[in-house]
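Keep the sequence and the model open beside you.

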Amino acid sequence: MEWYNVGKIVNTHGIRGEVRVISSTDFPEERYAVGNKLSLFQEGKKTPLVLTVATHRQHKNFDLLTFEGYLTIEMVEAFRGGILKVSENQLTDLEGNEFYFHEIMGCTVFGIDGQKIGVVTDILQTGANDVWTVTPEKGKAHYIPYIEDVVKEVDIDGKKIVIDVLDGLLS
């Protein structure tokens, strides 16, 4: 079974079993919804611990979560450093021009003229739109905004993306 990262537990928050999560999902409202199940992968443990979200709120740059049955700081301290994941059967179908991060990562980016630009190695969430870090074989990385004027075609099955290289985009 395939597993997909949702976030990393970086610390506890307060004394009532709340944890701080650095999120790596585009859908925190869905992934951290009360009652949703997340699997916690911890170093040194062979099987994940299935946790049920009891509460979710945002604080600064973190998502703060509590889990059913874990009511104190002592009960969640061991979760620190763990990775929260969902299984492939928990993924929902997305609308037309929406993609999961794992679908975009590793795609090769080409200009409309067929010139190979590089491979998507990271995705930055800026608020207005996502920005893809495209790393060429040689040279520095390019930052490509995921907007209609730039991204012309996304072929997930072929791991290929075609963009319109606007003036100054690759400088």
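This is a predicted model: local features need pLDDT of at least 70, side-chain atom pairs count only at pLDDT 80 or more; totals for chains, interfaces and linings use all residues.

**Exercise 1. State whether phenylalanine 27 and tyrosine 100 are buried or exposed, then describe how their rings meet.**

Step 1. Phenylalanine 27 and tyrosine 100 are both buried. Buried means under 20% relative accessible area, exposed over 50%, and partly exposed in between (1.4 Å probe, protein chains only).

Step 2. Residues are numbered from 1 along each chain as its sequence is written, and side-chain values use heavy atoms, with hydrogens and water left out.

Step 3. Now apply the ring rule: rings of Phe, Tyr and Trp (its six-membered ring) pair if their centres lie within 6.5 Å; planes under 30 degrees apart are stacked, over 60 edge-to-face, and the rest tilted. The rule gives 6 aromatic pairs. In one of them, the ring centres of phenylalanine 27 and tyrosine 100 are 5.6 Å apart and the planes stand at 75°, so this pair is edge-to-face.

Step 4. Phenylalanine 27 is in the loop between strand 2 (18–23) and helix 1 (28–31), and tyrosine 100 is in the loop between strand 6 (83–87) and helix 3 (101–104), so the pair ties together parts 73 residues apart in sequence. Helices (H or I, at least four residues) and strands (E, at least two) are DSSP runs, numbered from the N terminus.

Step 5. Elsewhere, Phe67, Tyr70 and Phe79 make up one aromatic cluster.

**Exercise 2. Work out how the strands of the chain are arranged.**

Step 1. Begin with the inventory: the chain has 3 helices and 12 strands.

Step 2. Find the barrel. It is closed, has 6 strands in the order 1-2-5-4-3-6, and its pairing is antiparallel. Two strands pair if DSSP finds at least two bridges between them. The twist from one strand to the next averages 50°.

Step 3. Look at one pairing in it. Strand 4 and strand 5 run antiparallel and are joined by 6 bridges, with histidine 59 opposite phenylalanine 62 in strand 5.

Step 4. Turn to the open sheet, where 6 strands follow the order 10-9-8-7-12-11 with mixed pairing. Strand 10 (142–145) and strand 11 (151–155) are at the edges with a single partner strand each, so one side of each has no neighbour in the sheet. Here the twist averages 35° from one strand to the next.

Step 5. Within this sheet, strand 8 (residues 116–125) pairs with strand 9 (residues 130–135) in the antiparallel sense over 6 bridges. Glutamine 125 is opposite aspartate 130 in strand 9.

**Exercise 3. Find the salt bridges and say how exposed their partners are.**

Step 1. Glutamate 18 bridges to arginine 57, with the closest N and O atoms 2.9 Å apart. The two lie 39 residues apart, glutamate 18 in strand 2 and arginine 57 in strand 4 (residues 49–59). Glutamate 18 is buried at 11% relative accessible area, whereas arginine 57 is partly exposed at 40%.

Step 2. Glutamate 30 bridges to arginine 31, at 3.4 Å between the closest N and O atoms. Glutamate 30 is partly exposed at 30% relative accessibility, while arginine 31 is buried at 4% relative accessible area.

Step 3. Lysine 116 bridges to glutamate 137, at 3.1 Å between the closest N and O atoms. Lysine 116 is in strand 8 and glutamate 137 in the loop between strand 9 and strand 10, 21 residues apart. Lysine 116 is partly exposed at 43% relative accessibility, and glutamate 137 is exposed at 71% relative accessible area.

**Exercise 4. Locate the lysines whose charge sits over a ring.**

Step 1. The test asks for NZ of Lys or CZ of Arg within 6 Å of the ring centre and within 35 degrees of the ring normal.

Step 2. Lysine 85 lies over the face of phenylalanine 41, 4.9 Å from the ring centre. The charged end of lysine 160 is over the ring of phenylalanine 110, at 5.5 Å from its centre.

Notes
Axes are lines fitted to C-alpha atoms, for helices over the stretch in contact, and angles run from 0 to 180 degrees between N-to-C directions. A salt bridge is a side-chain nitrogen of Lys or Arg within 4 Å of a carboxyl oxygen of Asp or Glu.
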